[in-house]
Amino acid sequence: MFSVKRPNCLRNFFAHSLFVFVTGFYATSALAEENYVVAGSAYNLDTNELVYREFYTAIDENKAVRVDYVTPDGSTFASKTLVYEGEPFQPSFNFEDTRDNQFVGARFEGARLILTEGMDGAKNEKVIHDNARTVIDAGFDAYIQLNWDKLVTGKRLKFDFAMPNRLSSVQLELRQIKGSESPVHEPGFGSEWIYFRITPAKMFISLFADPIHLAYDPNGKYLMRFHGRSNIDDDRGGPQDVRIEYEYTN
């Protein structure tokens, strides 16, 4: 079913998604000087303090996208490479954080999905054989675009999400919600936006995990806001919850 829709999804994904609202001179300069096409600003949910920025390059001839993670003062502390060779919701990727020499990744070898995690050179891997429904990293945006019509008519979708840092996957549920039910909704702003919520599919897991909230502009299916647990740890190595603002810059 995805092979029919893949060309349109890829066009939307690489041309329109994951663009972040950026304020300040540094972000504008970085986009111009490094040829980034996407920029993101992540704010701590408790303090509303800017905690990091993320910058995305355009997809290149090798179907790869580089992401650089940058402190508010402009120092790069982590990077990620995404490679889109198969289903658009299943990019292979490698992520490295220089603050603690942590790395995680996911790659395919034939039909096998291999998850990797490690630190300071020590590496652990696990093979995921049943991976046809597995969404990987930034592929969640492509998954939403592929299933847009189902979601906006009220269908709830379940999918597996790869978690390389745990060498496992978790089943999640995705559905559309009303703006009034979403913490990213802002009265008088983004009046046409469509809101989605991602939660663990199993009740006992949901008791211990906050949902992820997303806001999309339906005119092009642009991701505008993210609200929830970041894939980037804080400076102490602990989890952090953020709001990320998105903007289309190219």
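Me: What does the accessible surface of the protein chain come to, and what share of it belongs to carbon and sulfur atoms?
Reply: The total is about 12700 Å², and 49% of that belongs to carbon and sulfur atoms. Such areas come from the Shrake-Rupley method with a 1.4 Å probe, and for residues only the protein chains shown count as cover. Keep in mind that this is a predicted model, where local features need pLDDT of at least 70 and side-chain atom pairs count only at pLDDT 80 or more, while totals for chains, interfaces and linings use all residues. Residues are numbered from 1 along each chain as its sequence is written, and side-chain values use heavy atoms, with hydrogens and water left out.

Me: Why is Asp 160 counted as buried?
Reply: Buried means under 20% relative accessible area, exposed means over 50%, and partly exposed is in between (1.4 Å probe, protein chains only). Asp 160 has 14% relative accessibility, so Asp 160 counts as buried. Across the protein chain, buried residues make up 48% of the 250 residues.

Me: What makes Arg 133 and Asp 160 a salt bridge?
Reply: The rule asks for a side-chain nitrogen of Lys or Arg within 4 Å of a carboxyl oxygen of Asp or Glu. For Arg 133 and Asp 160, the closest N and O atoms are 3.8 Å apart, and the pair forms a salt bridge. Arg 133 sits in the loop between strand E8 (122-128) and strand E9 (134-135), and Asp 160 in strand E10 (residues 157-163), so the pair ties together parts that are 27 residues apart in sequence. Arg 133 itself is partly exposed, with a relative accessible area of 43%. By this rule the count comes to 15 salt bridges.

Me: What is the distance between the closest N and O atoms of Glu 173 and Arg 156?
Reply: They are 3.3 Å apart, and the two residues form a salt bridge. Glu 173 lies in strand E11 (residues 168-177) and Arg 156 in the loop between helix H4 (148-152) and E10, so parts that are 17 residues apart in sequence are tied together. Glu 173 has 15% relative accessibility and counts as buried. Strand E11 is also the place of Val 170, which is buried at 17% relative accessibility.

Me: How do you know how many helices and strands the protein chain has?
Reply: Helices (H or I, at least four residues) and strands (E, at least two) are DSSP runs, numbered from the N terminus. The protein chain comes to 5 helices and 15 strands.
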